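Please find my notes on this model below. They are set out as numbered points, to be read beside the structure.

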Amino acid sequence: MKIFVGNVDGADTTPEELAALFAPYGTVMSCAVMKQFAFVHMRENAGAVRAIEALHGHELRPGRALVVEMSRPRPLNTWKIFVGNVSAACTSQELRSLFERRGRVIECDVVKGGMYVG
């Protein structure tokens, strides 16, 4: 089950740290941290529900209550595009501006690291 985790400080939070936070509730399959949010994939639905109930509102950093909820599917008729070899200096806004020349961009994230377990 895919879980959305909002209000994350991507510059100060690691995938390993989030995986350790969710691990007491079930098997964490993968974890990816973006700029201000993250996704955690858990194996069991029951564990994911327990994690959402327990961690929604949890302060991983003082003054930053996490928003933890089931991930919602992407809108219909949209596509996710992977762009590799992006400079570490590139921002999400720069990448968004480049792609908006060709059409509407729903979401744009530059992932600077991730963790996949399994």
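Predicted model: local features only at pLDDT ≥ 70, side-chain atom pairs only at ≥ 80, totals over all residues.

**Notes on the model**

1. At 16% relative accessibility, C90 counts as buried (buried means under 20% relative accessible area, exposed over 50%, partly exposed in between, with a 1.4 Å probe and protein chains only). C108 is buried too, with a relative accessible area of 16%. The structure holds 0 disulfides, a disulfide being a pair of cysteine sulfur atoms within 2.5 Å. C90 takes part in none, and the nearest cysteine sulfur, that of C108, is 7.6 Å away.

2. Residues are numbered from 1 along each chain as its sequence is written, and side-chain values use heavy atoms, with hydrogens and water left out.

3. The protein chain has 3 helices and 7 strands. These are DSSP runs numbered from the N terminus, helices being H or I with at least four residues and strands E with at least two. Along the sequence they follow the pattern β-α-β-β-α-β-β-β-α-β. The radius of gyration is 15 Å, close to the 13 Å that the globule rule gives for 118 residues, so the chain is as compact as a globular protein of that length. That radius is taken over C-alpha atoms, and the globule rule is 2.2 Å times the number of residues to the power 0.38.

4. Some totals for the protein chain follow. The C-alpha trace spans about 45 × 30 × 30 Å along its principal axes. Of the 118 residues, 33% count as buried. Among contacts between residues at least 6 apart in sequence, 57% join residues at least 24 apart; contact means heavy atoms within 4.5 Å. The chain exposes about 7,800 Å², and carbon and sulfur atoms supply 55% of that area. Accessible areas come from the Shrake-Rupley method with a 1.4 Å probe, and for residues only the protein chains shown count as cover.

5. The UniProt record, an unreviewed entry, lists residues 1-73 and 79-118 for "domain: RRM". UniProt positions are given in the numbering used here, feature names are shortened, and annotations may be inferred rather than shown by experiment. Over residues 1-73 the chain is 26% helix and 36% strand, with the end C-alpha atoms 12 Å apart.

6. Which residues of helix α2 (residues 45-55) are buried? They are G47, A48, A51, I52 and L55. They cover an arc of only 140° around the axis, which puts them on the same side of α2; the arc is that of the directions from the helix axis to the C-beta atoms. The buried residues of α2 pack against β1 (2-6), α1 (15-22), β3 (37-42) and β6 (67-70). After α2 comes G57, whose phi is positive, near 90°.

7. In α1 the buried residues are P15, L18, A19, L21 and F22. Their arc around the axis is only 160°, which puts them on the same side of α1. In the loop between β1 and α1 sits T13, buried at a relative accessible area of 6%. Not counting residues up to four places away in sequence, T13 touches V8, L18, V33, L60 and R61.

8. Two residues deserve a look at their backbone angles. Most residues other than glycine have a negative phi. N7 is not a glycine, yet its phi is positive, about 65°. N7 lies in the loop between β1 and α1 and is partly exposed, with a relative accessible area of 33%. N85 is likewise not a glycine and has a positive phi of about 60°. N85 is in the loop between β6 and α3 and counts as exposed at 82% relative accessibility.

9. A23, in the loop between α1 and β2 (28-33), is 78 residues along the chain from R101, and their C-alpha atoms are separated by 42 Å. A23 is partly exposed, with a relative accessible area of 41%. A88, in the loop between β6 and α3 (92-100), is exposed at 67% relative accessibility. A88 and V110 are 22 residues apart in sequence and 8.7 Å apart in space, C-alpha to C-alpha.
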